[in-house]
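Please read them beside the model.

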Amino acid sequence: MSEPTETSDAPAVTDRRGAYVRRVLADHAVHAAVVVAFALYPIVYTVLGQTPLGSEFEVFLPRVHAMVAVLYIGLFAMSFDFISGYTGYLSFGHALFYGSGAYLVVLTATDKVPLLGPDTPFMLLILVAGLVAVALALAVGAVSFRLSGVYFAMITLGFAEVAHVFIRNWDHVGSNPRDGASIGAAGDAFAVGVPGIDALQVGIGRLVGDEFGDVFGIGVEFGTAEVSYYAIGAVVLVCYLLMQRIIHSPFGRVMIAIRENEERARAVGYDVFRFKLAAFAISGFFAGVAGALFAGYRRTVAPGNTFDLFFTAEALLAAIVGGFGTLAGPLFGYLFNASVEGVLSTEPHGIARYLRDVLSESTLSAGAGGVTVADVINVLVDGRADLYLGIVFILFVLYVPRGILGTLRDRLGGHVADRLPERVRSRFRGRNE
Amino acid sequence: MSGDPPALELDGVHSYYGESHVLRGVDLSVETGENVALVGRNGVGKTTTLRSILGLTPPREGTVRIDGEDVTGEPTHEIARRGVGWVPEERRMFKHLSVEENLRVATPPGSDVSKRVQEALDAFPALRDHVDREAGDLSGGQQQMVAIARVLVGDNDLLLVDEPSEGLAPLIVEEVVDALGTLAEDVTLLLVEQNFPMAMDLTDRFYLLDQGKVVETGDSNAASRDDETIRRYLSA
Amino acid sequence: MTDAAVLSVVDVLVDLLEPTTLVRILLDALSKSALYVLIASGLSLIFGLMGVLNFAHGSLTMLGAYLGGAVMVALVSGSTSEPVQLLLFFVAIAATFAALTLLGGAVEMTLIRPIYDREPLFQILLTFGLVLVLDELARIAVELYGLQPRSDWQAALGTAPGFLSSRYTVAGVTTRGLYLFEVLIGALVVAAIWAFLTRTRYGLYIRSGSEDSEMTRALGIDVRRTFTVVFGLGSGLAGLAGVVLMWDPRFGASVPLSVETLLVAFVVVIIGGLGSFRGTVVAAGVVGLTDALMTWLFINHVDFAGLPEMVTFLVLVAVLIVRPQGLYGIAEVGGH
């Protein structure tokens, strides 16, 4: 297309352009709203923290540091949903891809990976982490997709456990591989942005990342957590949009056809094995990227928070709460889980500490039958997130099987991103008339 | 006689297999002691009709009555306990259970198990030599006999028999027909069978099913393959 | 390099074929297989009949270990004689079995029954939620009791009678009395389950239901009710295994026992094949032998601590690739 010139059809072109922009905006209105909400969160959090109810907000709102984890684990959960929610094949060994991405980053930084030096740009590392995961997914998928149902879940779990046991005992990783490996605060921060151009990238990491002073002159300082949050958020957003594009492409429609009725999809002439394998590889790619982001931010990895079955379970929980087969749902699901974990945390910002600080000594020691309020707090509140998440999870499975986003979709009669703006518009029109 | 309700009655039954609408309003009725054939091309809903009676594919619309009682929506095992015996397509042996165990599992609780098993074996003496073998190791004909014997050991007076001759050698088919013929004298029978002459031979009356509906009914003795209507609905 | 590798393989073989080595490995394999069959048999019955892969199985074993331990710690004192200790152990087994059978039955009726009609995925998910709840409840109870949830419960380990903790020499190899005792318990439980499955009407229903649930219902059998019974019994068996592990210093009562035994149970049941108790018994033998061989190899020749566990999972993967229905699987593998 050549640039429009000042001719008679100029108004028409602008009009068409305007229509296009409006359509894109309308299509992505909800996406844009979510992105804006996430972007404003650190600022809102800081502002609310300064209000008289500041300590209450700090108990109930996740800290920005925790929100960074929501982003990369949310991405992991979305990648899990990409394969499990859209093709119906439960990838119970998904932690394998996340773990390999995470270990790749840490091992590269400690110069333990052949061909990749410790000064490899992080953006390249993210890509390599994704590609390593793709290779693993192709290898695992090539044999696993001959099975289905529970057997597919079991064989992928088997592969992940082999890797889990291996990484826990591989002394190349460090002197005590069971504790994982760590880069420490000594080296440079991993940079997100355009490699090689300092002005166009920022360092992430809680201790070593970049920070900025009072950016907007409104008393909001951007510390390392905030900077990492935006940098990692940008990568996660790109990944989400890519996955969303794939889901809405003809390829994605075949994935859903496989979930709905694999026999029919095959009968129609699709090579379902190849589609499943490709979907698995794509899903693995984003899980690998998520692992790399995690390692880049935390600079330390351990078998328990990477390759573990219970790490896959995080994604599963997030997917159920957020909505299986909704792509964005698991991110919200994990946001919910992380919030519950944050509130019930034993750390200073948890509700247990808060209650102990706020309640008077007499209230804390009050009670019946030798059980005091303080005991109840210690036993049933402090660090008990798993208990309540487990109960919430069971209730979701029983009563809200489609999850938050899935149920919203059912109510609205289509994708939230499509339907919500329509609803809002029709409301407005209704009122105007 | 006229006061007795029919042994089996279907009234406007609609059933689905997944999302596809298989039965589109089946009406039929079988009097007590009557032997009735259900014929039609492949895929017109004969097997689904039997499954709907048993509640295995519960009807979404319409009613199924057994001895005048509405059983629609009842769980399968309760319908079966009303004396409904099913000899399914492809026989559905418990392949890893012995022949004797296949029979024992079908005896009602509290009944004299060994007596009933012996009676069933008396009806099929050929099975006697194989009581301890795993049913999966038997020939197709022997398996068919076990499947029939299995409905004999229960207190069944309404038998739903699905394609008993399928996949069997002609000589074996004759044996099976003999067994069914003897059996049919004492019970009510609804028989699904591709082999038209055999079906007519064993029954008093027939229903012709097409596209999920009864399109024709008549006397089995008078029915002929050459009949215009029957030929139209049976030829593929 | 290659020569050295060949040489060391020869070394290992020469070493392995030493008679005492073989006996030692076989004894180890036998005791491990006995534990594995205990751990897996309940899951095998449940998975075989209902197709529900119960993720909470390991948690039930863990609960059983603590419950059994609690009974023993409460009843055994310094003056209890050894035969009485053994007798009390069987009391603990009976009490734990009963308690967990009831719990399992209740779980089936209230939580699992409403979702049979959904995809199997949801049953996996639901039992997974149970893992979180049960493990956290155990952690709460254990901490209230003043114990560390992550380390083995020493007081419970200490209730084993002296003659089980002592060592005995069998065919030139020294072994703990406890390991031989475990073999005995394993054999008894296998025999009891076998008799239940083949000699009782309920056992017959379970076997026919495992093969063809629909046909079984059409014969007038309330398969759903057998589900409750089987889920209860399977849970009871999981608890029974826990009581036995509570005495074993290689395991011991701790909250992480739940995941440890869950993975073992999965491996054994999948290798054995869906719906075949015989398969489960054979698979427990295969996994026990693999474990024993690899443990020996690790101690003597290969410097990689994860060897036994890793090879066990490799066997799982290999079996699923070569023979997805398992060694003796009777149900079709495939559709959801």
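1. The lining of the second largest cavity divides into 5 nonpolar, 4 polar and 1 charged residues. Here Ala, Val, Leu, Ile, Met, Phe, Trp, Tyr, Cys and Pro count as nonpolar, Asp, Glu, Lys and Arg as charged, and the others, Gly among them, as polar. B:S52, B:I53, B:G55, B:P59, B:V64, B:V71, B:T72, B:G73, B:E74 and B:I79 form this lining. The volume is about 40 Å³.

2. A caution on the source. This is a predicted model, in which local features need pLDDT of at least 70 and side-chain atom pairs count only at pLDDT 80 or more, while totals for chains, interfaces and linings use all residues. Residues are numbered from 1 along each chain as its sequence is written, chains are lettered from A and ligands numbered from 1 in the order in which they are written, and side-chain values use heavy atoms, without hydrogens and water.

3. How many cavities of 30 Å³ or more does the structure hold? The structure holds 2. A cavity is a set of points, on a 1 Å grid over the protein atoms alone, where a 1.4 Å probe fits but cannot get out; lining residues have an atom within 4 Å of a point. Points are joined across faces, edges and corners, and the volume is the space filled by probe spheres set on them.

4. The largest cavity has a volume of about 50 Å³. Its lining includes C:N54, C:L103, C:L130 and C:F231. By class, that lining has 7 nonpolar, 3 polar and no charged residues. α4 (82-112), α5 (120-144) and α11 (223-246) of chain C each supply at least two of the lining residues. The largest share, 3 residues, comes from α4(C). Helices are DSSP runs (H or I, at least four residues), numbered from the N terminus.

5. Now the interface. 19 residues of chain C are in contact (heavy atoms within 4.5 Å) with 25 residues of chain B. The area buried between them (accessible area, 1.4 Å probe, lost on being put together and summed over both) is about 2000 Å². Carbon and sulfur atoms give 56% of that area.

6. Across the interface of chain C and chain B there are 4 salt bridges (a side-chain nitrogen of Lys or Arg within 4 Å of a carboxyl oxygen of Asp or Glu). In one salt bridge, the side chains of C:D212 and B:R92 meet at 2.7 Å, N to O. On the side of chain C that touches chain B, α9 (201-211) and α10 (213-218) of chain C are the elements that give two or more residues. α9(C) gives the most, with 6 residues. By class, this side of chain C has 7 nonpolar, 4 polar and 8 charged residues.

Technical notes:
1 Å grid on protein atoms, 1.4 Å probe; cavity = no way out; pocket = protein on both sides within 12 Å on 5 of 7 lines; lining within 4 Å. Buried area = accessible area lost by both parts, 1.4 Å probe.
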